Amino acid sequence: MGPYLGVFLASAVAVAVVTPLVRRLAVRVGAIDKPSDRKVHPKPTPTGGGVGLLVGVGAGLGAALLFPSLRSTFFETSELQGTLLAALVITLIGLIDDLFTLSAPAKVAGQILSAGLLILTGVELLYFWFPLGLGTVVVGSDLAVLLTVAWVLVLANAINLMDGLDGLAAGMVVIAASAFFVYLFWGPTNFISPPTGALILSAATAGAALGLLPYNFYPARIFMGDSGSMLLGLLMASATISGVGRTPLPSGGDIAAFAIPVLIPLLVLAVPLVDVALAIIRRLRRGRSVFAPDKEHIHHQLREVGHTHRRAVLIIYFWGVLAAGCALAITYINGRGLLAVVVGTALVLIAATYVPQRLREKARARREREAEAKEGSAAVAPKAS
């Protein structure tokens, strides 16, 4: 654990040190995110925090080279080097968007390019283990390419869509990357080879996102921008692909077979993935482009029902912890009844932090309408007499 803690701290400290410099540079070059109808921040704020995140990830990987137990990973595979190269490319594309605003197809093309770099350096999902007697299924090269590209696109855009409130995306990535690290480090024990690369990436990603939070949490002094959100999505995609692609057989809890390797990353990242799925469904039903922006994401809905900016972020953090906890419970808990209780409790807690506030808001709106109706009746009564 010591070397991975060193990677985590190196990434966090590097981002914390570099981000004020990035903010100063952003102000100087005019990289300012101005308020608009589809944004919630009230004043112009520097953007481009992804540059600091990239420096932090690079520092974390550099720290990994200092530990003999981790150094060999850089020579056994090119996954970490390829991920760093892909991270550089996607950060550059995101930074261009932060400065000049790219079209949605242009950003997707950049994400596909970054995914291609991952594939060329060996970051691919090698096989699935399916339950119900299907056993291990080796993924062919063509399908592996499609799955890798699709997963990068999903996560890059999920984190991007989640980045609608100060500190939300960064905090969710800290939770998700930490949970995935725990899953890899203390979870299944039957890896063909230890997923050291995925562990390093998870530690570096969690550390970098945590290092940004003091500057990005409400009220934010700098936004990560697309350069940061797409970078974090790419890093999570690379870590999860590298991690689950090395698990040929299930282990852990007695129904872990249903979650390894297909569902663990989905559960760890449940909140942003549900948000992006709902956004796609919502836009398709209205005949709009799936890339068309709106203000109906989960975090926007929490604001609309009366939660403050800070409370909405903390609630979604809480949901992320619950979802990640359920993912880990599937790995560790033996007994489907107990697992059902854990998952059911998580769902009840999620509902308890969302539904009551919505009901209170509806009740308040109803009382206001009734009061307005009474005032109208009182105003009309004298005229009638």
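Guide: N160 has a relative accessible area of 18% in this predicted model, and because buried means under 20%, N160 counts as buried. The residue belongs to helix α7, which covers residues 141-162. Leaving aside residues up to four places away in sequence, N160 touches K107, D226 and S229.

Two of these partners, D226 and K107, form a salt bridge through their side chains, at 2.8 Å from N to O. Since D226 is in helix α10 and K107 in helix α6, the pair ties together parts that are 119 residues apart in sequence. D226 is buried at a relative accessible area of 11%, and K107 is buried at 15%.

K107 also meets D97 in a salt bridge, at 3.7 Å from N to O. Here the link runs from helix α6 to helix α5 (residues 79-100), with the two residues 10 apart. D97 is buried, as is K107. The structure holds 2 salt bridges, and D97, K107 and D226 are linked in a network of such bridges.

K107 and D226 also belong to the helix contact: K107, Q111, S114 and L118 in α6 meet D226, M230, L234 and S238 in α10. By class, this contact has 3 nonpolar, 3 polar and 2 charged residues. Helix α6 (residues 104-120) and helix α10 (residues 225-244) pack at an angle of about 35°, and their axes are 11 Å apart. The crossing of α6 past α10 is right-handed.

Note on methods: Residues are numbered from 1 along each chain as its sequence is written. This is a predicted model: local features need pLDDT of at least 70, side-chain atom pairs count only at pLDDT 80 or more; totals for chains, interfaces and linings use all residues. Side-chain values use heavy atoms; hydrogens and water are left out. Helices (H or I, at least four residues) and strands (E, at least two) are DSSP runs, numbered from the N terminus. Buried means under 20% relative accessible area, exposed over 50%, partly exposed in between (1.4 Å probe, protein chains only). Contact means heavy atoms within 4.5 Å. Axes are lines fitted to C-alpha atoms, for helices over the stretch in contact, and angles run from 0 to 180 degrees between N-to-C directions. A crossing is left-handed if the near helix is turned anticlockwise from the far one by less than a right angle, and right-handed if clockwise. Ala, Val, Leu, Ile, Met, Phe, Trp, Tyr, Cys and Pro count as nonpolar, Asp, Glu, Lys and Arg as charged, and the others, Gly among them, as polar. A salt bridge is a side-chain nitrogen of Lys or Arg within 4 Å of a carboxyl oxygen of Asp or Glu.
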